[in-house]
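Here is a short briefing for a first look. Please view the sequence and the structure, then read the points below.

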Amino acid sequence: MAKLDKYRMVACAIDESWDSLVRSSNNSTPFALSCFINSLVGNFSAFICKKGDEVVAGCLLALDSLSQNVIGHELVVHDGIFVKELKDLNQAQKSSEEFKALQCIAEFLVDNYSSVQVTLSPLLQDIRPFQWVHYHDDKPMYVESIRYTCKADIKEFKELKRPSMYRLYEQASVSRRQAVRYSYRDQVVVNESVDVEAFLNLYCRTFERQKIKLDENILPQMRRLLTKLLKSENALMVEAKTECGSLASMAVFVWLGNTAYYLFGANDFAYRNTSTGTAVLWQAFTILAKLGIEVVDFEGVNSPDRGWFKLSFGAVISPYYCLSYQW
């Protein structure tokens, strides 16, 4: 492993300065932004990695109540480990500096916490700095597991076309293309929404139907989170209504840079045989593209119940990593 004499970790506040660092990275996600984190109930700590006086990376952690273990948070999809974009370096220099910054974070975690559970951004693919911690001694090492998401390129949705003219439509499954066509035939209307209570009501009913009991702390956190996100410039909520005006589906996206993440979705079971569940996503692509979004990350295809639905939109599968460490 590289020597890290010039590198150190420094605690920092989760504020506007932190957000500036998050936005300066090519591999960070909106789940590290202050408007997201400060809406949640949890014990969060943020650190910056410095090389001398220069900030080169960030690390945001969800800890247990005693700050002894890194445990993650169920509403934080990807933990906030990222490297600042190094614009003035060539590729070899970037690879070296990014490796050292991540090594500093990896060693900091094992030196300061009894156990670590983190989920990396799909944009952060080199996990060797974690894999090589204690590589040459008998101490415990990080254990990685691989998960998958899928991403859709929606740049073409900046121009309004017939559905069949989009390349993404051509890549979608037969059943998804049919649902897209039917949504226009049936005059499903998709618009922006700020009705948080309507979404939460639909969300609760979705889980009740599946006989899944939500943790009592989830809904209050989601209410605060959605309220704050919709007042920021980093989120969009859309609703799909039938021709007669009945609310059938809703979806929430949150973004950073040109990539939006499908955060939450909910559907009225009464309209399960309609195309509203497809329309709420498909027509949202046009709204998102006009806002400058180029890629939609469907946020996880790790469940047999929902993975195939997301992939059916023609999205391309992409891996990401979960890391664990236990003394």
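Ser183 is buried, because its relative accessible area is 1%, and buried means under 20%. This residue belongs to helix 6, which covers residues 174-185. The model is a predicted one.

**Around Ser183**
- Leaving out residues up to four places away in sequence, Ser183 touches Val188, Ser275, Ala279 and Gln283.

**Helix 3**
- Helix 3 runs over residues 91-112 and has 22 residues.
- At 1.5 Å a residue, helix 3 should span 32 Å. Its end C-alpha atoms are 32 Å apart, so the two values agree.
- Asn90 caps the N-terminal end of helix 3. A side-chain oxygen of Asn90 lies 3.2 Å from the backbone nitrogen of Ala92.
- Buried residues in helix 3 include Glu97, Phe99, Ala101, Leu102, Gln103 and Cys104.
- Also buried in helix 3 are Ile105, Ala106, Phe108, Leu109 and Val110.

**The cavity**
- The structure has one cavity of 30 Å³ or more.
- The largest cavity holds about 30 Å³ of space.
- Among the residues that line the largest cavity are Asn27, Ser28, Thr29 and Ala32.
- His78, Asp79, Gly80, Ile81, Phe82 and Ser121 also line the largest cavity.
- By class, six lining residues of the largest cavity are polar, three are nonpolar and one is charged.

Notes
Residues are numbered from 1 along each chain as its sequence is written. This is a predicted model: local features need pLDDT of at least 70, side-chain atom pairs count only at pLDDT 80 or more; totals for chains, interfaces and linings use all residues. Side-chain values use heavy atoms; hydrogens and water are left out. On a 1 Å grid over the protein atoms alone, a cavity is a set of points where a 1.4 Å probe fits but cannot get out, and a pocket is an open set with protein on both sides within 12 Å along at least five of seven lines; lining residues have an atom within 4 Å of a point. Grid points are joined across faces, edges and corners, and a volume is the space filled by probe spheres set on the points. Ala, Val, Leu, Ile, Met, Phe, Trp, Tyr, Cys and Pro count as nonpolar, Asp, Glu, Lys and Arg as charged, and the others, Gly among them, as polar. Helices (H or I, at least four residues) and strands (E, at least two) are DSSP runs, numbered from the N terminus. Buried means under 20% relative accessible area, exposed over 50%, partly exposed in between (1.4 Å probe, protein chains only). Contact means heavy atoms within 4.5 Å. The expected span of a helix is 1.5 Å times one less than its number of residues. A polar contact is a pair of N or O atoms within 3.5 Å; within protein, one must be able to donate a hydrogen and the other to accept it, and residues adjacent in sequence count only if both atoms are side-chain atoms.
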